Amino acid sequence: MPRPILATIHPEALRHNLEQLRRAAGDSRVWAVVKANAYGHGIERTLEGLRAADGFALLDLDEAQRVRDWGWRGPILLLEGVFEQRDLEICSRLGLWHVVHCEAQIDMLAAHKTNVPQRVFLKMNSGMNRLGFKPEHYRSAWSRLNALPQVDEISLITHFSDADTPKGIASAIEHFAKATRDLPGERSLNNSAAILRHMGEAGLALDSDWVRAGIALYGSAPDFPEHGITHWNLQPTMTLASKIIATQSLGEGDSVGYGSHFVAAGSMRIGVVACGYADGYPRICPTGTPVLVNGIRTRTVGRVSMDMLTVDLTPIPDAALGSEVVLWGRASNGAVLGIDEVAASAQTIGYELMCALAPRVPVAVDSAG
């Protein structure tokens, strides 16, 4: 019998979440962002659930090839653009659109020999200070691109650094609006947080021809802890579940795990779960991290080990060997433990937990959706 740990991907939840984001986005077309192997879910496991998207946005050519191999013939956008000139040949072959965020990428296009002009998305640095042209240099970059026979349509794109915070997007929109005034081309502005929090609130956000739905597609609230997934009507798309493989009875003063970080205040029973940091569960999670046992909420106790962790069985007196343990996601009885809650306990975000799922964890796709 294999070790009783399993990650399950839920296509129906992906469909549901995409629909929620589409409703919030109004008339904008929706990129489904599948970078980082679909946020750790596996591109091939998520595509069916995201079939209703208008396009797929990702990072590298291997991911793009996999989406094409699946049969997708619609738009695919490389969010970081190309990394060397020969990548442009693959863009032509696969019909990829790509971001241009620096002068070197314009130089690559200028030197590229092709009979098929390319669709590009010119990126503005509107305050994130990662990729893109500063507002004062944006129009000159657009003029360079517009003069190239290798370039077909130029779309305009930026990324918000504070859509999930009280600072919001007003300043970034102001920079973008001023620098792009009267420039032709479609706009792509809004990430998950901006779609859910600001569409319809800030005027220019409504003029986003394309929005980029990322983390919210995967059942994580982009502005947690201010809002959870219930507030945004999102569903978990990944469940990490295991089972109790042993139980122990503790008396007052007994400790649990390495370093004796948890000491029982009185008599209690604990369950040992086949899941640890080698499976991608954060070692930093302290005593008190939420977990579901037989669909009932309880807590971890003691330090997370490489292959095991321990949970308090006080609220679940009937728990025994083989009882279901949900580390995040949906239990068999329908109870939900949002990944954001576990991530917050680990002082991180849901993105990291999804992407950190270890290769040794088997993954299944929920045939019921």
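How many residues has helix α7, and what distance does α7 reach from its first C-alpha to its last? I looked this up in a predicted model, in which local features need pLDDT of at least 70, side-chain atom pairs count only at pLDDT 80 or more, and totals for chains, interfaces and linings use all residues. Residues are numbered from 1 along each chain as its sequence is written, and side-chain values use heavy atoms, with hydrogens and water left out.

**Helix α7.** I found 12 residues, 135–146, and a reach of 17 Å, close to the 16 Å expected at 1.5 Å a residue. The expected span is 1.5 Å times one less than the number of residues. Helices (H or I, at least four residues) and strands (E, at least two) are DSSP runs, numbered from the N terminus.

I then noted Tyr-138, Ala-141, Trp-142 and Leu-145 as buried in α7. Seen down the axis of α7, the buried residues fall within an arc of 105 degrees, so they line one face of the helix; the arc is that of the directions from the helix axis to the C-beta atoms. Buried means under 20% relative accessible area, exposed over 50%, partly exposed in between (1.4 Å probe, protein chains only). The cover of these residues includes β5 (97–100), α6 (103–111), β6 (118–124), β7 (151–158) and α8 (170–180).

**His-112.** I located His-112 in the loop between α6 and β6. His-112 has a relative accessible area of 6% and is therefore buried. Among its contacts (heavy atoms within 4.5 Å) I listed Gln-85, Glu-89 and Gln-150, not counting residues up to four places away in sequence.

**Leu-321.** I placed Leu-321 in the loop between β16 (309–312) and β17 (324–330). Leu-321 counts as exposed because its relative accessibility is 64%.
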